[in-house]
Amino acid sequence: MTAPLRHMLRDDDISHDEQLQILSLGMKFRANRFYARPFEGPQAVAVLFDKPSTRTRSSFSVGVAELGGYPLVIDKGGSQLGRGEPVADTARVLTRMTSTIVWRTFGQDRVEDMARYATVPVINALTDEFHPCQVLADFLTMAQHCGGVDSLAGKRIAYLGDAGNNMANSYLLAGATAGMHVAVAGPYGYLPDPAIVDDAKAIARQNDGSILVTTDPYQAAKKPDCIFTDPWVSMGEESEYATRSKPFWDYQVNDELMSHAAPNALFQHCLPAYRGKEVTASVIDGPQSVVWDEAENRLHAQKALMTWLIGKQREDDNLLA
């Protein structure tokens with residue numbers, strides 16, 4: 001009998017224990033990039049891009065190859081999806097040819113439609129609502145620097161900036177799943193969807209974590225173990241930077257704000273970063289910054305996620321160990 005199909009569409013698609021399993025696998029891939037090769041054959045993994053990408057494209061392409069597979073990279077302009085083919089039709093075709101589907105796209109409804117019609121695991125490589133692969137890499141980076149995967153529960157993290165975006169949503173849900181104390185700060189008008197906050201609070205209660213949403217950057221930055229930020233202006237809005245960035249200047253991560261964090265607090269940024277805007281050069285290039293480890297950990301975390309998902313589908317305990 002085939003195991004129930006699992007996807008990673010938003011951060012709370014996995015439980016606390018499952019998140020630990022994936023992060024533990026990520027640590028094993030950090031130590032040995034060829035720890036497991038579940039796509040040996042090679043089997044193909046479809047990697048679809050509706051949005052520009054450097055780290056996601058590189059880490060999934062290299063990661064699939066290192067897992068023994070073939071990364072079938074398809075840009076929007078090179079697929080019928082870009083010409084209006086229904087997501088369901090694309091899903092029905094790709095699942096007959098590939099072992100996993102990875103998609104970086106716009107609305108969350110698109111990856112959910114893909115998963116609804118797919119017969120292989122579907123991974124959200126970024127939507128307007130969530131970025132679960134990035135946060136797995138961020139937590140793997142914390143584990144790398146803060147005492148291992150088992151040390152994550154009880155850690156304090158803070159995210160500052162546009163608190164109504166996909167990164168804030170993912171930190172809320174993934175941090176709650178990890179049993180962390182999560183603080184998110186942004187200006188009025190740029191705060192998380194209350195429904196996502198409610199989901200995160202419910203998950204946090206189950207895992208002895210907590211959730212704080214505030215407009216006060218210093219309340220959020222009070223003694224966290226790691227501070228995160230993200231560009232204030234999303235892809236495609238760069239021409240509006242002067243106008244759109246005005247509400248966020250009080251949320252810039254600078255030396256003064258970092259001084260309110262825990263003494264050995266880390267700084268992470270999913271990149272690309274705009275020095276002098278959401279973060280100062282002295283912070284991102286300083287001793288507390290681990291952004292390059294964070295970028296590398298996209299590779300290890302995503303290999304772990306793909307391995308875990310395909311292990312669940314095949315009921316292969318060796319891939320989950």
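I count two strands as paired if DSSP finds at least two bridges between them. Helices (H or I, at least four residues) and strands (E, at least two) are taken as DSSP runs, numbered from the N terminus.

Basis. I am working from a predicted model, in which local features need pLDDT of at least 70 and side-chain atom pairs count only at pLDDT 80 or more, while totals for chains, interfaces and linings use all residues. Residues are numbered from 1 along each chain as its sequence is written, and side-chain values use heavy atoms, with hydrogens and water left out.

Entry 1, the sheet. I looked up leucine 48 and found its bridge partner to be isoleucine 74 in strand 2. Strand 1 (residues 44-49) pairs with strand 2 in the parallel sense over six bridges. The open sheet has four strands in the order 2-1-3-4, with parallel pairing. Strand 2 (70-75) and strand 4 (122-126) are at the edges with a single partner strand each, so one side of each lacks a neighbour in the sheet. On average, neighbouring strands of this sheet are turned by 20 degrees against each other, direction ignored. For such angles I use axes as lines fitted to C-alpha atoms, for helices over the stretch in contact; angles run from 0 to 180 degrees between N-to-C directions.

I find helix 2 (residues 55-66) lying across strand 1, strand 2, strand 3 (100-104) and strand 4, at about 150 degrees to strand 2. Helix 2 also packs with helix 12 (residues 291-314) at an angle of about 50 degrees, the axes being 9 Å apart. The two helices are therefore oblique to each other (under 35 degrees is roughly parallel, over 145 roughly antiparallel, 65 to 115 roughly perpendicular, the rest oblique). In their contact (heavy atoms within 4.5 Å), residues of helix 2 including Phe60 and Val64 meet residues of helix 12, among them Leu299 and Met306.

I apply the rule of a side-chain nitrogen of Lys or Arg within 4 Å of a carboxyl oxygen of Asp or Glu; the count is 13 salt bridges. In one of these, the side chains of arginine 30 and glutamate 296 meet at 3.5 Å, N to O. This pair links distant parts of the chain, 266 residues apart: arginine 30 is in helix 1 (residues 16-31) and glutamate 296 in helix 12.

I note a cis peptide bond between glycine 41 and proline 42, with omega about 0 degrees; proline 42 lies in the loop between helix 1 and strand 1. The bond from leucine 271 to proline 272 is also cis, with omega near 0 degrees. Leucine 271, not a glycine, has a positive phi of about 70 degrees.
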